[in-house]
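Please have the sequence and the structure open side by side.

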Amino acid sequence: NYDDDIVPLSQKHDGGSITERHIIYALALKINNKIGKGQKTLDFLKKQLKLNVSAKNSEYLLEIDSENYTYDLLGVLKSDFVERFFIPATDECPPVREVIALANETGAISAYAYLGDVTNSVTGDKKAQTFEDGFLDELFSELKKIGFNAVTYMPSRNTKDQLDRLRKLCDEYGFFQISGEDINSPRQSFICYAQRAPEFRNLYDATFALIGHEKAATENLTKAFFSENSISETPSLQERIQKYKTLVLYF
């Protein structure tokens with residue numbers, strides 16, 4: 001029941017949103033309460049709900065004393081079940097060129113979020129899917145035409161080959177590279193060990209440059225990282241990153 005089972009899991013009373021995760025978590029709790037844990041739950045998922053449960057997730061669901069159990073179940077349900085009730089956004093999504101125009105007007109940095117094809121999900125809550133890798137070259141050409149400033153990606157989500165190809169295209173088209181890792185499960189570490197690889201050192205500089213940009217743009221939009229004035233003063237993207245990185249120390 002939406003009002004009895006789902007709403008109480010949320011922060012709706014303080015203006016919070018209710019997402020598919022709240023719905024799936026409520027379902028996970030129902031399964032725990034009605035069926036139990038362990039092999040019974042695994043059988044229910046496979047035989048009754050007809051879900052494909054990976055070997056890794058099967059092991060998790062047999063750990064009946066795990067404090068992560070309900071979240072592990074949420075991950076399994078989310079990977080295959082959400083598409084059965086999720087309604088894609090349509091009219092409320094503005095055209096991308098309008099979004100880019102708004103970003104430019106407000107001094108924001110427009111960034112394309114790279115997903116990349118998924119084989120074995122790092123977080124356990126995504127099924128194998130193909131996204132943009134099959135047309136990545138054409139996509140980057142279009143992103144440049146549309147006017148995107150940056151590309152954001154997650155080192156822990158993708159393979160080295162995927163990221164090497166992506167980073168090469170970012171350099172080729174002059175996109176600012178930034179990163180932000182999302183946490184989907186309590187089994188994920190708050191430390192992104194994948195990002196500690198030497199080749200991702202640029203992402204540390206980018207983070208400080210973003211902070212510098214935010215401080216500078218707040219003071220005056222003409223000082224935003226991608227403003228006409230800033231590009232004119234420092235045309236080189238790499239030099240601009242180093243310049244804005246140092247601004248953190250002076251604001």
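The paragraphs below take these stops one by one.

A word on conventions before we start: this is a predicted model, in which local features need pLDDT of at least 70 and side-chain atom pairs count only at pLDDT 80 or more, while totals for chains, interfaces and linings use all residues. Residues are numbered from 1 along each chain as its sequence is written, and side-chain values use heavy atoms, with hydrogens and water left out.

Let's begin with helix α5, residues 69-81. Helices here are DSSP runs of H or I with at least four residues, strands are runs of E with at least two, and both are numbered from the N terminus. From its first C-alpha to its last, α5 reaches 18 Å over 13 residues, close to the expected 18 Å; that expected span is 1.5 Å times one less than the number of residues. Twelve of the 13 residues of α5 are buried, where buried means under 20% relative accessible area, exposed means over 50%, and partly exposed lies in between (1.4 Å probe, protein chains only). Among the buried ones are Tyr 69, Leu 73, Leu 77 and Phe 81, along with the charged Asp 72, Lys 78 and Asp 80. Their cover includes α2 (20-35), α3 (39-48) and α4 (55-61), judged by contact, that is, heavy atoms within 4.5 Å.

Next, move to the loop between α9 (201-219) and α10 (228-233), where you will find Ser 227. Ser 227 counts as buried because its relative accessibility is 12%. A polar atom of the Ser 227 side chain lies 3.1 Å from the backbone oxygen of Ala 224, and the side chain also makes a polar contact with that of Ser 230 at 2.9 Å. A polar contact is a pair of N or O atoms within 3.5 Å; within protein, one must be able to donate a hydrogen and the other to accept it, and residues adjacent in sequence count only if both atoms are side-chain atoms. Leaving aside residues up to four places away in sequence, Ser 227 touches Leu 221 and Thr 222.

How many disulfides are there? The count is zero, taking a disulfide as a pair of cysteine sulfur atoms within 2.5 Å. For Cys 192, the closest cysteine sulfur is in Cys 170, 16 Å away, so the two are too far apart for a bond.

Finally, Asp 14 sits in the loop between α1 (2-6) and α2 and is exposed at 63%. Its C-alpha is 41 Å from that of Lys 145, 131 residues away in sequence.
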